[in-house]
Amino acid sequence: MILVTGGAGFIGSNFVLDWLAQCDEPVINLDALTYAGNLENLASLQGDPRHIFVKGNIGDFDLVAKLLTDYKLRAVVNFAAESHVDRSIHGPEDFIQTNIVGTFHLLEALRARWGSLEGEAKAAFRFLHVSTDEVYGSLEKDDPAFAETHRYEPNSPYSASKAASDHLVRAYHHTYGLPVLTTNCSNNYGPYHFPEKLIPLVMLNALAGKPLPIYGDGQQIRDWLYVKDHCSAIRCVLEAGRVGEVYNIGGWNEKPNLEVVHTLCAILDELRPRADGKPYKEQITYVKDRPGHDRRYAIDAGKIERELGWKPAETFESGIRKTVRWYLDNQAWVQNVASGAYLNWVGKNYGERQ
Ligand code: NAD
Ligand code: DAU
């Protein structure tokens, strides 16, 4: 059995769904169900004995230690984190608690359990830490893409907290021999993406006739990867990655934000035209920039391709079209997440950008 943490969030839930679609190895899913955790993402697994959901915190040493022992877990994939840059700017505390302190307690539980194993179980045990390209900082227009050897230069409280967690993971391998793997991935998009992030936010606002907020000049570049490609890369690294190594994961899809938003508008014009016949791009509105906004991210995914033979299956064009269709076909999910606390966040983040 494996333990997945944060498996009710965007990427974690896609990972659990894909894992169980491809094999019968059961998953223990540990998630604190913060605002970003949503059991509706896992509704299709209701009654499936291969999925055991546990509400809890990665920072709860006793709970994690018990799960590791009771279920004789062979691997842990750590998605649990606070993940939104803008929220980290408004309030960094939760990011420090979960991403740094939480990861530390998780590592302590893993160290205790792994230390008690012997023989084949010990040799085969793995801890895969899911991290981000944001730890490498920001690139200039003509800089080469981030390789695994790029120095760490995190710029936001979010990326600094993820960088700290990466360093702890590295240290637990170097010092205690814990069999770790770290992946640093670029921007994901796809089903179950919480609408605080650019792509789902733009889709929701477009359909609701609201402004499509572009921070600053909209020329910041992100390297987009369809979430199911991220999941396949993680499975690949978990299965065949070299212990102690870092693997960068990306889609070779660098796009300025404005281009991404124009693409979304054009697909919506085609699939769900506005009642007044006007193009959705008329809703684009420039708003105050994100403080310390990183200009460009780009991932060199050459190592994972050379060593493990992984490549993304989707282009940006195919993935974004699937994503738009998913949001149009899953309006009940959208309506449920876009209520309550979500509206408070929208008021807080965008109210002060006018
Ligand atoms: P998300 O915010 O959608 O989900 C995070 C999940 O973790 C939620 O279900 C939440 O309830 C849970 N969680 C938060 N704190 C917890 C705690 N203390 N204990 C247990 N569970 C907790 O995030 P995501 O976008 O799915 O990202 C998952 C991971 O991938 C994160 O580590 C993030 O840094 C990393 N990552 C994300 C992206 C991206 O584009 N979204 C890209 C690269 C890496
Ligand atoms: O690069 C990987 C990272 O990608 C992950 O580690 C993070 O968890 C994930 O949230 C994402 O971070 P970004 O800050 O790049 O994603 P976000 O969707 O918030 O923003 C994407 C770009 O769009 C960024 O340049 C900011 C801009 N933006 C975002 C929002 C929400 C806007 O212009 N308007 C908006 O309303």
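1. Let's start with the crossing of α1 and α8, which is right-handed in this predicted model. Helix α1 covers residues 10-22 and helix α8 covers residues 227-240; the two pack at an angle of about 65°, and their axes lie 9 Å apart. On the α1 side, the residues that meet α8 are F10, I11, N14, F15, D18, W19 and Q22. Their partners in α8 are V227, K228, H230, C231, I234, R235 and L238. Sorted by class, this contact of α1 with α8 holds eight nonpolar, three polar and three charged residues.

2. Next, have a look at α4 and α6. Helix α4 (residues 93-116) packs against helix α6 (residues 157-176) at an angle of about 15°, with 8 Å between the axes. That angle makes α4 roughly parallel to α6, and their crossing is right-handed. From α4, the contact takes in F95, N99, I100, T103, F104, L107, E108, R111 and W114. From α6 come Y158, S161, K162, A164, S165, L168, V169, Y172 and Y176. By class, the contact of α4 with α6 has 11 nonpolar, four polar and three charged residues.

3. Helix α9 spans residues 257-271, and α7 packs against α9 at an angle of about 45°, with their axes 10 Å apart. The two helices are therefore oblique to each other, and α7 passes α9 in a right-handed crossing. On the α7 side the contact uses L198, I199, V202, M203, A206 and L207. On the α9 side it uses N257, V260, V261, L264 and L268.

4. About 390 Å³ of space lies in the second largest pocket. This pocket is lined by 19 residues, and those closest to its centre are N205, A208, K210, Y342 and V346. Four elements each supply at least two residues of the lining: α7 (198-207), β13 (284-287), α12 (331-337) and α13 (341-351). By class, the lining of the second largest pocket has 13 nonpolar, five polar and one charged residues.

5. Rolling a probe the size of a water molecule over the atoms shows where empty space is left. The count here comes to three cavities of 30 Å³ or more. The largest cavity holds about 50 Å³ of space. You will find V85, E134, S156, R222, R290, P291, G292, H293, D294 and Y297 lining this largest cavity. By class, that lining has three nonpolar, three polar and four charged residues. For anyone setting up a calculation around this site, the charged residues in the lining of the largest cavity number four, while the lining of the second largest pocket has one.

Key: Residues numbered from 1 in each chain as written. Chains lettered and ligands numbered in written order. Predicted model: local features only at pLDDT ≥ 70, side-chain atom pairs only at ≥ 80, totals over all residues. Heavy atoms only, no water. Axes fitted to C-alpha atoms, helices over the stretch in contact; angles between N-to-C directions. Parallel < 35°, antiparallel > 145°, perpendicular 65-115°, else oblique. Left-handed = near helix turned anticlockwise from the far one by under 90°. Contact = heavy atoms within 4.5 Å. Nonpolar A, V, L, I, M, F, W, Y, C, P; charged D, E, K, R; others polar. 1 Å grid on protein atoms, 1.4 Å probe; cavity = no way out; pocket = protein on both sides within 12 Å on 5 of 7 lines; lining within 4 Å. Points joined across faces, edges and corners; volume = space filled by probe spheres on them.
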